[in-house]
Amino acid sequence: MANKKLHLNTVIIGDALKELNKLSDNSIDVTVTSPPYNKRNQSQGWLVTNEKYSHFDDYMPEEAYQEWQINILNELHRVTKSGGSVFYNHKLRWVDGILFHPYQWITRSKWLVRQEIVWDRAIAANMRGWRFWQVDERLYWLYKPENGHTVGKELQSKHAKLSSIWRFRPVSRSKDHPAPFPLALPVRAIAAMPGEERKIILDPFCGTGTTLVAAKLLGHDYIGIDISPNYVELTKNRLGASDLEKNVVSDEISKHKIDDPFVARKKRGTITWPYGPKTNNGETDT
Ligand SMILES: C[S@@+](CC[C@H](N)C(=O)[O-])C[C@H]1O[C@@H](n2cnc3c(N)ncnc32)[C@H](O)[C@@H]1O
């Protein structure tokens, strides 16, 4: 059990599990991360060519992959403060027609699953005719209870109204990295977490550093880890120029507000089912 002083606002080149082992217990407030998916270098379909990571081939026997992910999740649990959260991005994968659902291994870790959020990307590379076009990924909001209270603090309504379906188009593929987050995604997760204090934000698979940029621009401290020296360099450069991405943060934060509160709409009698007909005022409930 490591209890070393944390070096904040650093990006470490290294293996996620080994580096997590070095972090102190109960030291991190929020993690937003997306591990490699064990895509096994499958062909991506006709839409795009298969893009690879610079220092990782993303091909493990499925059982070993799931064990690895459970170990990562359990280490994240150890280093997270009570009352803290992890947003773990993954997706449903099929190998030879067999479905591997992230829930299969998440529920074997120490975490309490607080919510399954659907990330609607609207587009995905893998378009084949044997099932409907899968354009969603998942974000598992994992919670570490405080004093045994499994429910924890409520979100402010301006965040909670954003719903359990997050619509963010993926960032266009670049030669630099095959699978970066859209910046608005970690911004939403981090900004919604209760408490005004400066937090410590972690991403043990930081890639191009999107979570770290979100943390920095929201006024928090961060720690990033990635196995690829190329991506770590990219991340450091990006953090140095993070002001260029401020507009994405303010766009996302502008969505965290309530123009017309539920109570007022209820009073006016203009509450409708979102996909239903327009009300007398021409308004639909959103
Ligand atoms: C899905 S990408 C993360 C992308 C990131 N969310 C972003 O916005 O750029 C997964 C990352 O995990 C890294 N990786 C793979 N194996 C790793 C390991 N054992 N330890 C740390 N990082 C690893 C890859 O280099 C890749 O950048």
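For these entries I take two strands as paired if DSSP finds at least two bridges between them. The model I examined is predicted.

**Sheet**

I traced the strand order first. The structure holds an open sheet of eight strands with mixed pairing, and the order reads β1-β10-β9-β2-β3-β7-β6-β8. At the edges I found β1 (10-13) and β8 (165-167), each of which pairs on one side only.

I recorded one pairing in detail. Strands β6 (residues 112-120) and β7 (residues 136-143) run antiparallel to each other and share eight bridges. Within this pair I looked up E116, whose bridge partner in β7 is Y140.

I next checked a helix lying against the sheet. Helix α7 (residues 229-240) packs on it and touches β1 and β10 (221-226). The direction of α7 makes about 170° with that of β1.

I turned to the largest nonpolar core, which has 49 residues. The members that touch the most others are F87, W141, L142, I190, I201 and A214. Leaving out residues up to four places away in sequence, I190 touches V30, V32, I201, A214, A215, L218 and H220.

I190 is also one of the buried residues of α5, together with A184, L185, P186, V187, R188 and A189.

**Ligand shell**

I listed the surroundings of the ligand and found 21 residues there. The closest are A16, F205, G207, T208 and T210. Sorted by class, the shell has 12 nonpolar, seven polar and two charged residues.

**P261**

My last entry concerns P261, in the loop between α8 and α9 (262-268). Is P261 buried or exposed? It has 12 C-beta neighbours inside 10 Å and therefore counts as exposed; the cut-off for exposed is 12 or fewer.

Key
Residues are numbered from 1 along each chain as its sequence is written. This is a predicted model: local features need pLDDT of at least 70, side-chain atom pairs count only at pLDDT 80 or more; totals for chains, interfaces and linings use all residues. A residue is near a molecule or strand if its C-beta atom, placed from the backbone, lies within 6 Å of it. Ala, Val, Leu, Ile, Met, Phe, Trp, Tyr, Cys and Pro count as nonpolar, Asp, Glu, Lys and Arg as charged, and the others, Gly among them, as polar. Helices (H or I, at least four residues) and strands (E, at least two) are DSSP runs, numbered from the N terminus. Two residues are in contact if their C-beta atoms, placed from the backbone, lie within 7 Å. Axes are lines fitted to C-alpha atoms, for helices over the stretch in contact, and angles run from 0 to 180 degrees between N-to-C directions. A nonpolar core is a set of buried Ala, Val, Leu, Ile, Met, Phe, Trp, Tyr and Cys residues joined through C-beta atoms within 7 Å. A residue is buried if 20 or more other C-beta atoms lie within 10 Å of its own, exposed if 12 or fewer, and partly exposed in between; C-beta atoms are placed from the backbone.
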